[in-house]
Amino acid sequence: MVSDLVLSRLALGRLVLAEYRKIFSTKLWWTLLIPVAAVALLFTLAGGGFVGVLADQPGGVDLPFALVTLGLTMGFTATFAAIFGALALGSENRHRTITTTLLTGSSRQAVLTAKLVAHGSVGLLYAAVTALFGVIGATIGSGALPSAAAFAAVAATGGLAVLLWTLLGIGVGYLIGNQVAAVLALVLYSLIISPLIGGILTAAEIPRVGDYLPDGASTALTTDLAVRELGADGGSGRVAAELGTDLTGLATLPWWAGGLLLAGYAVLLVGLGALADERRDIT
Amino acid sequence: MHDGSGRIVVDGLSKSFGPVSAVSDLSFTVEPGAVTGFLGPNGSGKTTTLRMILGLVRPDSGTATVNGRPYGRLGQPARVVGAVLEAQGFHPARRARAHLGVYAAAIGVPAARAAAVLELVGLGPAADRPVGGYSLGMRQRLALATALLGDPQVLVLDEPANGMDPEGIAWLRTFLQGFARSGRTVLVSSHLLAEIEQTVDSVVIVSRGAAVHRGSLEELRRGSSSRVLVAPSDGRALVSALRARGVTDVEQRMDGRLAIGGHDRQQIAHLALDAGVALYDLAEERVELEQIFLQLTSGQYGSERQW
């Protein structure tokens, strides 16, 4: 039994290495990383500039607003990471490499697990690049710099969100199968469906429901700590915190609740994807 | 893990896609040490059967095993079975060497093995070109190289000659026979009998998802009635002598010879001698396997099925 376990771990290691070789032998991973890095830089630069304007007001505030923009940027990165995740299987279906992948894998679950590990870690790379360019943007831009600890905390919760969205994306890719449809579903959800649901619910004066949808949970995870940090020093800080809440338009859930909820969505979609995968005929 | 026999056993396999029955109650065994042809017209269920053997398509009923185990329970399947399937793809931007690197990692063989199989199939010079620029024949060679990565005991090939040039087909034939001669198993499908006639030791012929013949091509040939071709000095005299003996299966051929059924060459020679007719030519008619194959599989297109 023990040797079986060791063997299956070895087998998983081999499949993870195969997934890495797939990822890094084509352009997709870095073509998606370009907008991620660019947006991280521009958002934090602009966030700093915005604070600079605020600080010039009479009785103005000089606050580490870059934290909130970093949190929001992580949300943007998460969308790209989810698309990257959805293409884990989508691209294999598109190019029909899935046949060879399954023929050389010990089982379909093993292949899925390897994709979760490999693509998930590339998702974390996306988050790290976001944090790096976020630091650069915040440093260049005006406004107070956040403390290293606060920055690390926001980067960590943001990184978790990006990771969970990558896994969720893999689940969506497995559930839908077709790469165009899977990417379209993710993009439509983040750009249209989610804001629309939020708008309708707000108009109907039941805004809290939106907080429990994946986007709401994700924003709580990425921005809650940043908004709290803004409110930490009281006085003008609380004003800014309210401002932060308005800007983010959400974050009624604490970050950990948002994280648990998003993890739940990721588990659900990966589970549904795995079920669909088991039943799928590769013709 | 598995019995190491190299035997493929298909037992009572059935599969329908919606209302269309692709394979129905199909059974056959593929033995090691020989090249087995898997013959049938397009749409007769060959590809579906091969994909069920490889665990890619789930059968509605029945089982398919390699080395006594279903594909999904072989543990390290690519070290047991190598497969070249139709519609098996490549990422167009990936170079052949990188493609093989991916699957070498999955199987757990060193990169040197990838280089070795590339040389084996003659793709060494093209190893660092993106596969998108490959011809169909080169893709088939790369698919074969991928199948050979794990040094498998069993090879399963679906229409491997598609897109290959005659030189490639001849090379493949020699390769498969050598592979089988080393005691390993080869199952190769085709819809053209002529294409694999010289390669295979035995055949499984399917029509409409069911087996219509299992065994050697020789058995297939023997099973059909053969005729004797003669060029008599006096055709009329021979025909009336034959009639007198009750032999009526006689046909006048375009080339002037008579085709006589139901008797072997010696009997016909004696009959001619008794009738005082000289025979300038006496031969067994070589029955075209293709004809037998067509007879066995006819009806496929006469049915209500769409394919």
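Is A:Ala217 buried or exposed? A:Ala217 is buried, with a relative accessible area of 0%, where buried means under 20% relative accessible area, exposed over 50% and partly exposed in between, computed with a 1.4 Å probe on protein chains only. Welcome to a short tour of a predicted model, in which local features need pLDDT of at least 70, side-chain atom pairs count only at pLDDT 80 or more, and totals for chains, interfaces and linings use all residues. Residues are numbered from 1 along each chain as its sequence is written, chains are lettered from A and ligands numbered from 1 in the order in which they are written, and side-chain values use heavy atoms, with hydrogens and water left out.

**Chain A overall**

- Chain A has 11 helices and zero strands; helices (H or I, at least four residues) and strands (E, at least two) are DSSP runs, numbered from the N terminus.
- Along the sequence, the pattern of chain A reads α-α-α-α-α-α-α-α-α-α-α.
- Of the 283 residues in chain A, 49% count as buried.
- Among contacts in chain A with a separation of 6 or more, 85% come from residues 24 or more positions apart; a contact means heavy atoms within 4.5 Å.

**Back to A:Ala217**

- A:Ala217 sits in helix H9 (residues 214–231) of chain A.
- Leaving aside neighbours within four places in sequence, A:Ala217 is in contact with A:Asp211, A:Gly258, A:Leu261 and A:Leu262.
- The C-alpha atoms of A:Ala217 and A:Asp281 are separated by 35 Å, and these residues are 64 residues apart along the chain.

**The loop between H3 and H4 of chain A**

- A:Arg96 belongs to the loop between H3 and H4 of chain A, and its phi is near 60 degrees, a positive value in a residue other than glycine.
- A:Arg96 counts as partly exposed because its relative accessibility is 40%.
- A:Thr97 is placed in the loop between helix H3 (66–94) and H4 of chain A, and A:Thr97 counts as buried because its relative accessibility is 4%.
- Not counting residues up to four places away in sequence, A:Thr97 touches A:Ser91 and A:Glu92, along with B:Gly89, B:Phe90, B:His91 and B:Tyr103 from chain B.

**Where the chains meet**

- The contact takes 32 residues from chain B and 28 residues from chain A.
- About 2600 Å² is buried between chain B and chain A, with carbon and sulfur atoms giving 57% of that area; buried area is the accessible area (1.4 Å probe) that two parts lose on being put together, summed over both.
- On the chain B side, B:Leu56, B:Arg94 and B:Tyr103 lose the most area to chain A, together 22% of what that side buries.

**The second largest pocket**

- The volume of the second largest pocket is about 580 Å³. On a 1 Å grid over the protein atoms alone, a pocket is an open set of points where a 1.4 Å probe fits, with protein on both sides within 12 Å along at least five of seven lines, and lining residues have an atom within 4 Å of a point. Grid points are joined across faces, edges and corners, and a volume is the space filled by probe spheres set on the points.
- The lining of the second largest pocket has 25 residues, and A:Arg108, B:Gly55, B:Leu56, B:Tyr71 and B:Gly72 lie nearest its centre.
- Elements giving two or more residues to this lining are helix H4 (98–104) and helix H5 (108–140) of chain A, together with helix H1 (46–53) and strand S4 (61–66) of chain B.
- S4(B) gives the largest share of the lining, three residues.

**Strands of chain B**

- Strand S3 (residues 35–39) of chain B is mostly covered, with five of its five residues buried.
- S3(B) has B:Val35, B:Gly37 and B:Leu39 on one side and B:Thr36 and B:Phe38 on the other, all buried.
- S3(B) pairs in the parallel sense with strand S7 (residues 185–190) of chain B over five bridges; two strands pair if DSSP finds at least two bridges between them.
- S3(B) also runs parallel to strand S8 (residues 202–207) of chain B, joined by four bridges, and B:Leu39 has B:Ile205 as its bridge partner in S8(B).
- S8(B) and strand S9 (residues 210–215) of chain B pair in the antiparallel sense over five bridges.
- The hairpin of S8(B) and S9(B) has two residues between the strands, and B:Arg208 in the turn has a positive phi of about 50 degrees.
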